[in-house]
Each structure stands twice: as structure tokens, then as C-alpha cells.
Amino acid sequence: MKITIVGSGYVGLVTGACMAEVGNNVLCLDVDASKIDVLNSGGIPIHEPGLLEMVARNRAAGRLAFTTDVEKAVAHGEIQFIAVGTPPDEDGSADLKYVTAAARNIGRYMTGFKVVVDKSTVPVGTADKVRAAIQDELNQRKLSTPFTVVSNPEFLKEGAAVEDFMRPDRVVVGCAADAEGERGKQLMRALYAPFQRNHERMFFMDVRSAELTKYAANAMLATRISFMNELANLAEILGADIELVRQGIGSDPRIGYHFLYAGCGYGGSCFPKDVQALKRTSEEAGSGSRILAAVEASNDAQKHVLARKLVKEYGEDLKSRCFAIWGLAFKPNTDDMREAPSRVLIRELLERGARLRVHDPVAMEETQRVLKLDFADHPDWLSRVEYTDTPNSALEGADALVIVTEWKAFRSPDFEFIRNTLRDPLIVDGRNLYDPATVASYGLRYIPIGRPIVTPQTV
Ligand code: NAD
């Protein structure tokens, strides 16, 4: 099939590459010419395991191409995926200006039947707006070309995006209940058939339910994380261990083990904005959501937990202190720094005068870019941030080590080296990576989240 992907970011590029991988002919469009230049010269603008190789393979096979030419992109695919960004507006609702612009472009140039697929995460009712924008353009051209708008939200996880797309848990498709909608449904069924060869994973529904399903999934996951973070904070006060509590409740199949880890807050491009947008939708609909408001507030507070622990150890004035930070990306296997808890920690520590030695396996360049924006008001503070090539070199001259992202490379460190290198042998662990007794056995003090603090004397 011939497919066009509008927006070649995380979702668009992965969708395009995976669709090409199973034999489709895919043209990816983006308004960002520098992104398209990178893609056309054999690179990819993001870090995502397996993606570079997949893009290269399919480009070489002539099934995947990239362009900034809107007219050519609209002409290419009978199926047009819209995978542009939907950032939060000032009031928290999803800003649909990129989605609307993409829709108008389709209406402006289409000449035959199109299935327009909303893959971006968009509020309930957006398909109607996309339909209206396309129809308006067609009316201006005095055309009555048929089309349908389908909702097909994406559930991939950054860091495992290719794997998730190739082996989806489910494919949700919302179609209109008319003849064009039925035509769209059949095309979507055929398009996704190669991704579900061992059992049916497609859920067909009405468009509004599909749109709401995406927000419901992310809001539920964010709620689980915030719930565990609050329990962790309570466990600290009560002298309980959140890891044992996690195992105790996760063993109940109604609860399950997934997404029950306490930490230093969730970030990324999806949970914060989707929780905010669903809260806004609930308010606008007059129903409101006390739960989502609490989830959001709880997560904002949790992003300060690591700084709070350091201040408790060293006091408010951190001018004479230097901290090593391991992990900057909002989660492992990505260089995405959007809403990353590390940014809150870095601000808190720099504000108090600390020096930082930071390391991330892939997000160093992206960190430098976003910190320049974050500290546009205090560019001089950034001279106190040093980027180190390895995790161990971040420790040199540092008082304590702070772990923010649970990269695999941090799971089994050389604790002896850590103890001998840090000025004050302390690890503050925002991701509960280690067995506390093991850390203490190396003569290190260990402050995890929601677990008792261990010092060499207490074990
Ligand atoms: P992104 O910012 O990485 O990519 C969006 C791309 O769209 C950018 O490259 C931008 O230049 C391009 N663009 C904007 N307007 C355009 C236009 N009119 N024509 C062509 N290109 C245009 O965003 P993303 O992370 O891929 O997210 C896209 C959507 O998918 C969002 O709604 C997001 O919520 C949703 N989503 C994201 C993830 C994720 O993990 N990133 C997962 C599921 C769903």
C-alpha cells in the first residue's frame, strides 16, 4: 500500500519505518527541513533502538523516502497518517494547530479518496475538526472528493518503540459509521494484518471512544506511578519498605507488577501533557477530575524529591558541593529530555550554588540543548555543569552520586570505585536500582526512594 506520514518525529518516523518494513511504500513528510535533511543523508534525528538500521534498510529498498514537499506527500498515499505534535496549550488543553494545518494541507491538494488517520494523541472530537478542515479546503476548491477520518492512537513506548510497533499489544481503530468509514476500516484492517499474525489485536470502535482510549491509558499509567510515589513517601515516614510493599501488592493479579515502581517522578512528552489535557477535557465537559488534578500535583512535587534529600543531607547552601548525576533522559533508551525529572533536579542544585558532573549514555547533546533554554535567564550557571564521557568520570571530585534514570549500564556499577572516588560515600537513588545491603557492604551510605536509608553501620 502507498502510505504518507505527516510529521516525522518519534511516532511518525517509527510508524513510517515499520510500515515500510512489512512491504508498504511510505513517504514521510515534515515541515522541519533540517530533520528531513538528516533523514535523507542516512541519519535519524532521534535515538531509538533498532530504528537507524530499519530506516536505512527500507530506504535502500526504495520503500521509504522523506520529503518537505506537501503536494507530493498528499498525492502519494491513499492512507495519510497525521503524526504531528500536540503540545499543551496555555490552559493545558492539547494545541491542535499542527493537526489542523496538516489536515488543511491534505484538503488543499487531495485529488482522490483518502483515509486520513489521526495518530497523534488528540482530544475527543478532533476527528470532527479534522474532517471539517479538510471539507472546508475541498469546498474552496469546489470539489466533493470522498474521504474518511479514522482515529488510530499510538501506544508505543519511547526506548522500545520499534519493538512495540512491530508487536503491538493492541491496535485501536475508531471509524465513522458510514460507507467511507467502512472503506477506511477495511483498509486499516489490511494495513495492520502483518503486525498481528498470531492473534487478532485490532479493536474497532467509534471514533470518540478510540480518541478517549489513548488518554485513558496514559492517565491510568500516570495514576499508578503517582500512587506508588505517594506510598513511597509515606513508607519513608513510617519506616516501611516500598519495594516489599510493591511485591506484596503486585502479586495480586488484579493489580499486577507493571508500572508499580516508585521513583523521582514521571516525565516525557506524553504522560504530563496527556494527564493535563484529559483534566482540561473533563473540566470543559463539566465533569471535572479530582483524581487527575491530584496525579499532576503529586508528580510535580515528586520531581523535587531528590533535591529535598540532598538538602536534608548537606543543608540549603550547596556552594561548596559537587554532585555526580547519572541519567538525564526522562527514561532509559531514549535521548528525550521533555519534562525530564533531571531538569528539575539540575535547577534546584544550581540555584543553591552546587557544581554538577553529569553523564547520560545518549542524552548529553540533547541535555546541553535544553539546559540552554531552561537557563536562558541565568546562562552563567551552566558553567557549573560538566559533561563527562563515562559514568565513573562523573564521580571524580563529586561529594555524592545521584541516580535519575535507570539505564541498564548503571545497574551493576563498581561500588568499590564509587566509594573510593566520592568525597562523601553517598548514593541518592531516584530509581531504587540497588539492593541496599549490597551497597552498604561496600561502605557506602544509600538513600533510595521509599526504602529505609542504609549506612554501613546499619547492616
Ligand atoms: P515530535 O515532536 O517528535 O514529532 C512531530 C513532528 O511533526 C515534528 O518533526 C514536526 O516538525 C512535525 N510537524 C509539525 N507540523 C507539521 C505539518 N503541518 N506537516 C508536517 N510535519 C509537521 O512528536 P512525537 O513525540 O512523535 O508525537 C506526535 C504525536 O504522537 C503527539 O500527539 C504525541 O502525543 C503522540 N504520541 C507520542 C508518543 C511518544 O512516545 N513520543 C507515543 C504515543 C503517542
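A salt bridge is a side-chain nitrogen of Lys or Arg within 4 Å of a carboxyl oxygen of Asp or Glu. Here, Arg338 and Glu158 form one, with their closest N and O atoms 3.6 Å apart. The model is predicted, so local features need pLDDT of at least 70 and side-chain atom pairs count only at pLDDT 80 or more, while totals for chains, interfaces and linings use all residues. Residues are numbered from 1 along each chain as its sequence is written, and side-chain values use heavy atoms, leaving out hydrogens and water.

**Domains**

- An automatic or database domain assignment divides the protein into domain 1 (2-205), domain 2 (215-300) and domain 3 (303-447).
- The C-alpha centres of domain 1 and domain 3 lie 38 Å apart.
- Seven residues from domain 1 and nine residues from domain 3 take part in the contact between these two domains (heavy atoms within 4.5 Å).

**The ligand**

- Which residues are the closest to the ligand? Among the 25 residues that surround the ligand, the closest are Asp30, Lys35, Thr86, Glu158 and Lys273 (a heavy atom within 4 Å counts as near).
- An N or O atom in the side chain of Lys273 is 2.5 Å from an oxygen atom of the ligand.
- For Arg338, a side-chain N or O atom is 3.2 Å from an oxygen atom of the ligand.
- Val11 has a backbone N or O atom that lies 2.9 Å from a ligand oxygen atom.

Technical notes: Polar contact = N/O pair within 3.5 Å; in protein donor to acceptor, adjacent residues only side chain to side chain.
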